[in-house]
Amino acid sequence: MSAARMIPVWPGWRRGPRTTSLLDAGILITAILLIWQLISNDELFSPPAVTLIVLVDGLTRGWVLPHLTATLTSTLLSFLAGTAIGVVVGALLGLNRWCQQVLGPTLVWLYAIPKIVLYPILLIMMGVNQQSLVTLGTIAAFFPLAINLAVALRTVSTTHLKVARSFDANPWQVARHVYLPTIRVPMLIGLRLAWSLAFLTVIMAEMVVANFGLGKLMFDSYANLNIARMTAVVALVFLLAFLMNALPGLWEHRFVHGGSGRYDGRLEAVEAAQPIIG
Amino acid sequence: MSRPDARGFARPSAALQQVAILLGLLLILQWADLPRNSIPLPSDTLGYLVSATASGVMGRAVFLTLAEIGISLLVATGVGLALAVVLWKVPRLRGTLQPLLASVYAMPMVFFYPLLLVIFGITPTPIVILAIVVGITPVALNTATALGNVSAAWIKVAHSFRASTWQLYWKVLLPGAAPLAFTGIRLSATYVAISVVAMEFITGSGGVGYQARYFYSSFRVVELYAYVVVIVLITWLLHAALTRCEGLLRHEVSR
């Protein structure tokens, strides 16, 4: 696993041209809504206004709420479990040479497998419940964190480690002043990816089989040809995904640039982006 | 497959150790006392793999999946490269579209799958369309960056030799941008493959993902495991082949 293997941020928000003016963004949103309005019809997918009404109805009358809660709970549990496992595996891979050489490439390759295909195996083992959903979400969430942490730990400067040793730093100080500054940014990015992947994977799994969840609601509406409801749920999920991506992105941006300034651009790796795919 | 370490002892290579670990796991799965209605014997799974391959059932599913991946990747690469050139040529457009592309990239396109299913029905079409959308962005973004990184001096030299537009693109920009652009194509291939299999799995008309789903629904675990193994093999082969190509390309260009 070289530095180029790290799973980095998307381009465009740090170094790429970030010149989208409010005007351009407004034109773009208007264009999207206009196209949506023009190509929509009641048999295929609902126009924006109808979608908004159905969505508001679902939120106020509450038929969407149990599904929303179920999806968000599963996502949160997957994220927490995935983070815990990801940190342990990442630390093992980053600090132990054998693990890095033998298990590292395997991890990167396993990351390229569609995790959703493991869902039926989990379903057969655990049954249709939140446990199997969360297990799958955990598997999806742990990868980006483990890979980013492992790669970041390999890039910790040996000079810094030597300096720390010659100052007789204790393990806590070494962790705090040598390791933490190097792994902070990759960890943050890994955390965000872990959350997004948990969310996506949980919803995809719910589309396949689940008792509750936005994915189930979306796919049931499709199966019953309740087009307005399906469009509304798709819109809601997309909005959620957008917010989940945009909000930490803003915060991260400030954190990276407004922080101690230790960030040295290592993440500007060749693989400049990472989509959210199951 | 082995090389001596610092002390002169022969140490098996990483690949050999990986194979050994895999074999060990398979042996445990084969001999341990596990609930066989959820974890079938590896030998049964292997047996089904052989018989399904011999009867051509497996071949048809693999062919459909590979065709979906291939077509999507081809179209996505073509559109992505064209888009990259446009983005590179028109800075205003780049300013507007690049952040949009980046956020499309970060959005799970699979959520549009039900919408497309309504429009196109349960056919390979919605799968290919969404896979193309997923695949375009890494190619476009990486190639646009790559074109921006091509040394201005090279372009100046091309101009002072009165290179035609065609020569400029073919002889200067393409080789200059190739390594990074290929990284985009490799990433695109991985994402396209994941999306195709995942969508086949959710609902499809055929392919390895669909087969896995079908055998899950009928609780035939041996067949299910066999198809999961095939999916893992397909993604591994794709990943390994493209990583190798990328390495060769980098080597070629850096000479």
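What follows is a chat about a predicted model with chains A and B.

Trainee: What kind of secondary structure does chain A have?

Mentor: Keep in mind that this is a predicted model. Chain A comes to 10 helices and zero strands. Along the sequence the pattern reads α-α-α-α-α-α-α-α-α-α.

Trainee: How much of chain A is buried?

Mentor: Buried residues make up 52% of its 278 residues.

Trainee: And what share of the contacts in chain A join residues at least 24 apart?

Mentor: Take the contacts between residues at least 6 apart in sequence. Of those in chain A, 79% join residues at least 24 apart.

Trainee: Now the interface. How many residues of chain B are in contact with chain A?

Mentor: On the chain B side, 60 residues are in contact. They meet 60 residues of chain A.

Trainee: What area do the two chains bury between them?

Mentor: About 5,600 Å². Carbon and sulfur atoms carry 78% of that area.

Trainee: Why quote an area at all?

Mentor: Interface size is often given as the accessible area lost when the parts come together.

Trainee: Which helices of chain B supply at least two residues each to the side that touches chain A?

Mentor: The list is α1 (14-31), α4 (91-105), α5 (113-120), α6 (124-149), α8 (165-202), α9 (208-217) and α10 (221-254) of chain B. The most comes from α8(B), with 12 residues.

Trainee: How does that side of chain B split by class?

Mentor: The side of chain B that touches chain A has 39 nonpolar, 15 polar and six charged residues.

Trainee: Back to salt bridges. How many over all chains?

Mentor: Four. One of them joins R186(B) and E246(B), with the closest N and O atoms 2.4 Å apart.

Trainee: Why pick that pair?

Mentor: R186(B) lies in helix α8 of chain B and E246(B) in helix α10 of chain B, so the pair ties together parts that are 60 residues apart in sequence.

Trainee: Are R186(B) and E246(B) buried or exposed?

Mentor: Both R186(B) and E246(B) are buried.

Trainee: Over to chain A. What does R61(A) pair with?

Mentor: The side chain of R61(A) meets that of D57(A) in a salt bridge, at 3.1 Å from N to O. R61(A) and D57(A) sit four residues apart in helix α2 (residues 48-61) of chain A, so about one helical turn separates them.

Trainee: Buried or exposed, that R61(A)?

Mentor: R61(A) is exposed, with a relative accessible area of 64%. D57(A) has 25%, so D57(A) is partly exposed.

Trainee: What about K216(A), which residue does it bridge to?

Mentor: K216(A) forms a salt bridge with D220(A), and the closest N and O atoms are 3.0 Å apart. Helix α9 (residues 214-223) of chain A holds both K216(A) and D220(A), four residues apart, about one turn of the helix.

Trainee: How accessible are K216(A) and D220(A)?

Mentor: K216(A) counts as partly exposed at 22% relative accessibility. D220(A) is partly exposed too, at 33%.

Trainee: Is C99(A) buried or exposed?

Mentor: C99(A) has 9% relative accessibility, so C99(A) counts as buried.

Trainee: What about C245(B)?

Mentor: C245(B) counts as partly exposed, because its relative accessibility is 37%.

Note on methods
Residues numbered from 1 in each chain as written. Chains lettered and ligands numbered in written order. Predicted model: local features only at pLDDT ≥ 70, side-chain atom pairs only at ≥ 80, totals over all residues. Heavy atoms only, no water. Contact = heavy atoms within 4.5 Å. Buried area = accessible area lost by both parts, 1.4 Å probe. Nonpolar A, V, L, I, M, F, W, Y, C, P; charged D, E, K, R; others polar. Buried < 20%, exposed > 50% of the residue type's maximum accessible area, 1.4 Å probe, protein only.
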